[in-house]
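The account moves from the whole to the part.

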Amino acid sequence: MNALVYLDPGKIAWKEVPRPTVLEPTDALVKITKTTICGTDLHILKGDVPAVTPGRILGHEGVGIIEEVGSAVRSFKQGDHVLISCITSCGKCEYCKKQLYAHCEDGGWKLGHLIDGTQAEYVRIPHADNSLYAIPPGADEEALVMLSDIFPTGFEIGVLYGAVKPGDVVAIVGAGPVGMASLLTAKFFSPSKIIMIDLDRSRLDLAEKLGATHVIDSSGGDVVQKVLDQTKDGVDVAIEAVGIPQTFDICQHIVRPGGHIANVGVHGKSVNFELQKLWIRNITVTTGLVNTNTTPMLIKTVESNKLTPLDLITHRYTFDQFMEAYAVFGNAAVENALKVIISRT
Ligand SMILES: [Zn+2]
Ligand SMILES: [Zn+2]
């Protein structure tokens, strides 16, 4: 089969590799029909994730059809259409019992990281019963690819950990795919204002179309003052969806007393956390890796059209155009790319 293989920092190739097989009774082999590229894959490509070793097949998002199941798989059979969760979980360990699937003792983020991933014609999924979700008949599979990672991440780590409530003023710093997913799922709770902050004008335009009540172009500077100008004394929830010290800094300066900072961004270095100012303000700061425990609920909202993940897809490719898809996604600002779909045919 062919797969997208990480070779060395800066080097990947769409090349022929052996097809995976069922290794454990709890495994399923899935024939991938659609997948996508995540910002995390670009970090891996740069060499920022040393746990990813040369030869690894990348990708932790996708949908497909079950080709084969191990003898212990109970919930799925050959031919079933499935959504692959970016998080592998056994369903039985202490963390899984608490629905902290991200910290499963035999799972967590493994696909395209510690084991071969979904940017391939076939993928082996461990603990298939708990790590796959059935796709309802007639559902849009492109939309569901967005539910492997970015929608549960934006919803669980941004909106739910941020405790967005009706009437809240919410600011989302970063209008990338996960920031947009936070925007779309924050609307479940009817906040009074959603302020979207980014450097990229075209992303802000899309955010407005998707329901942001205010957008702030951060390239002009003075972001904190611009947010405060839109509010009485700051925001109830500040969602950090970039992962650099400057964007965390914005969040800690715009959150009002009693408010929440929900950090979603993947940080590579320490931030200046002004605890000496925040200790007296009754602020909650949360962090997290997605658990994907809300995936079944998100599938229902897509089915009923309450959630429209298709709005985030800007480019479509086939497997033989994988390298082009990476080139475009890697140059997202110039290409106006948000999410790309790569299909088998
Ligand atoms: Zn991802
Ligand atoms: Zn577990």
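The domain bounds used here come from an automatic or database domain assignment, and the model to which they are applied is a predicted one. On that assignment, domain 1 is made of two segments, 2–149 and 291–343, while domain 2 takes in residues 152–286. The C-alpha centres of domain 1 and domain 2 lie 27 Å apart. Where the two meet, 16 residues of domain 1 are in contact with 13 residues of domain 2, and the side contributed by domain 1 comprises six nonpolar, six polar and four charged residues.

We turn now to a pair of helices. Helix 5, residues 150–160, and helix 6, residues 177–186, have axes that come within 8 Å of each other and cross at roughly 65°. Because angles from 65 to 115 degrees count as roughly perpendicular, helix 5 is described as roughly perpendicular to helix 6. The crossing of these two helices is right-handed.

From helix 5, the residues taking part in the contact are Ile 150, Phe 151, Thr 153, Gly 154, Phe 155, Gly 158 and Val 159, and they meet Pro 177, Val 178, Ala 181, Ser 182, Thr 185 and Ala 186 of helix 6. By residue class, this contact between helix 5 and helix 6 holds eight nonpolar and five polar residues, and no charged ones.

Technical notes:
Residues are numbered from 1 along each chain as its sequence is written. Chains are lettered from A and ligands numbered from 1 in the order in which they are written. This is a predicted model: local features need pLDDT of at least 70, side-chain atom pairs count only at pLDDT 80 or more; totals for chains, interfaces and linings use all residues. Axes are lines fitted to C-alpha atoms, for helices over the stretch in contact, and angles run from 0 to 180 degrees between N-to-C directions. Helices (H or I, at least four residues) and strands (E, at least two) are DSSP runs, numbered from the N terminus. Angles under 35 degrees count as roughly parallel, over 145 as roughly antiparallel, 65 to 115 as roughly perpendicular and the rest as oblique. A crossing is left-handed if the near helix is turned anticlockwise from the far one by less than a right angle, and right-handed if clockwise. Two residues are in contact if their C-beta atoms, placed from the backbone, lie within 7 Å. Ala, Val, Leu, Ile, Met, Phe, Trp, Tyr, Cys and Pro count as nonpolar, Asp, Glu, Lys and Arg as charged, and the others, Gly among them, as polar.
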